[in-house]
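Dear colleague,

I am handing over the structure below, and my notes on it follow directly after. Please read them alongside the coordinates.

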Amino acid sequence: MRRHLAAAIGCASIATAALAWAEPPAGAAACSGCHAASPRVATSVPRLAGRDRADIVTAMQEFRSGTRAATVMDRIARGFTDQEILAIAAWYASQR
Amino acid sequence: MKAGRREFLKSALGVAAATVLRPVPAAAQGAAPRVVVVGGGFAGASCARALRTADPRIAVTLVEANATFTACPLSNAVIGGLRELSAQQFTYERLAADGVALARTTATAVDAPARSVTLADGARLPYDRLVLAPGIDIRWGALPGYDEAAAGHMPHAWHAGEQTVLLRRQLEAMPDGGLVVIAAPANPFRCPPGPYERASLIAHYLKTRKPRSKLLVLDAKDAFSKQRLFLSAWSELYPGLLEWVPLSKGGNVTSVEPATRTLVTDFGRHQAAVANVIPPQKAGRIAEAAGVADRSGWCPIDPVTFESRLQARVHVIGDAAIAGAMPKSAFAANAQAKTCAAAVARLLTGATPSAPKLINTCYSLVAPDYGISVAGVYQPSGGQLAEVPGAGGVSPPGAPRATRAAEAALAESWFRTITAEVFG
């Protein structure tokens, strides 16, 4: 009984750890609708994977305040808080 | 590879027979959790793939009858002679390579208490979680006179493929000076700006090839997506050629007579040389069979997990879902699919899904070099997906043509990007 429980907890924590490592933070998964995950896609829209964290944060803040020229990113950036932007930027910076 | 897939499916079906009476959560047994996804469009194919990425231990089966997917976004450019249908078509080979088992058949029923999907040949596919992504079905007969046979005379072209080509051929065969009529439906329907992008690109075709012709849009509504931008672009690009008739001016089509391509409104009859009837719609057929569609014909869902409000362990994504403020678009379907996959992966391990944030961006072409967009950011609020206040909106009115040209190019970039993520 105790052994079963221990095994179950072990499984659960491994599973949670595995998911936590891969799972994008709120909002991040939707970006790849326009920002290609694959470098092989012909597009002028920059890839986010592997990009410098601070660059993403700065871009989002400038889109949000309207100081950076945009077509659609100004409208999207206004939907995100500083905290969300930091989390998304960190996640993309960690991707390859 | 092919044999491997068949083997997997065979063993999955074998398990179905064994466990159909008393299902035990696979995760609890230490076996691979099983997720069945029904429908291989932008929602279903995205979700199947995202599930494999979220947790490679999940055994994912995609039930889809067609070997080739034909995408709706940009199919209005096919109708307008600017693009070929082959540019809209994709296969499922890369999904299979990612370990998604493909069941090339139709799902006919869902036994939610027993957690199994019945396939066309009677076989049962067991699941721990089911994701339904059936897209839309036409409500045949909801518009009097418009049945399946009528679609051969007055194509809807609201499923891309043969219908798209039929409408294009009819426009090509029409003599210069003909009347083209588009009937646009009441809300909700797939792709809210779609009828107006289509009107634009048909108008572009007529202007360049058959300039004495006229295009009439008969609308069951008084307002539509990106309305101000469309109306201003139409008066600039297609003056005297394209006329929009709203509900309040007699635009509501009350019946059609397919043999003569006649559209009847409360105010008169319009006999068209080419008639495109975009009819009332509902969630794809399996939604009703599974008991996840409500009286509206669409599927109420939880905004965090996309789990059905009507059936436990069944999730609904894409056009079939009632996703609050989110429109029925391919971008939204793809974003919902990834959110749903993350939630399902967590639920299968007993973890709690976290509150998501979703985005939609939709481009419409008013001309080949004239694009406009609408965007929105969404989060769960009051049990629905609501727009984040202050965010989103449409392209600026009065923007220079360079901006419109940039958005036209972005529309094509978006299509290449999203189809690469889903099918490439």
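In which loop of chain B is the place of Phe306(B)? Phe306(B) sits in the loop between β19 (299–300) and β20 (314–316) of chain B, where helices (H or I, at least four residues) and strands (E, at least two) are DSSP runs numbered from the N terminus.

This is a predicted model, in which local features need pLDDT of at least 70 and side-chain atom pairs count only at pLDDT 80 or more, while totals for chains, interfaces and linings use all residues. Residues are numbered from 1 along each chain as its sequence is written, and chains are lettered from A and ligands numbered from 1 in the order in which they are written.

Phe306(B) has a phi near 65 degrees, a positive value in a residue other than glycine, and Phe306(B) is buried, with 30 other C-beta atoms within 10 Å (buried means 20 or more such atoms within that distance, with C-beta atoms placed from the backbone).

As for the interface, 29 residues of chain A are in contact with 40 residues of chain B, contact being C-beta atoms, placed from the backbone, within 7 Å. On the side of chain A that touches chain B, α1(A) gives the most, with six residues.

Best regards

Terms used. Two residues are in contact if their C-beta atoms, placed from the backbone, lie within 7 Å. A residue is buried if 20 or more other C-beta atoms lie within 10 Å of its own, exposed if 12 or fewer, and partly exposed in between; C-beta atoms are placed from the backbone.
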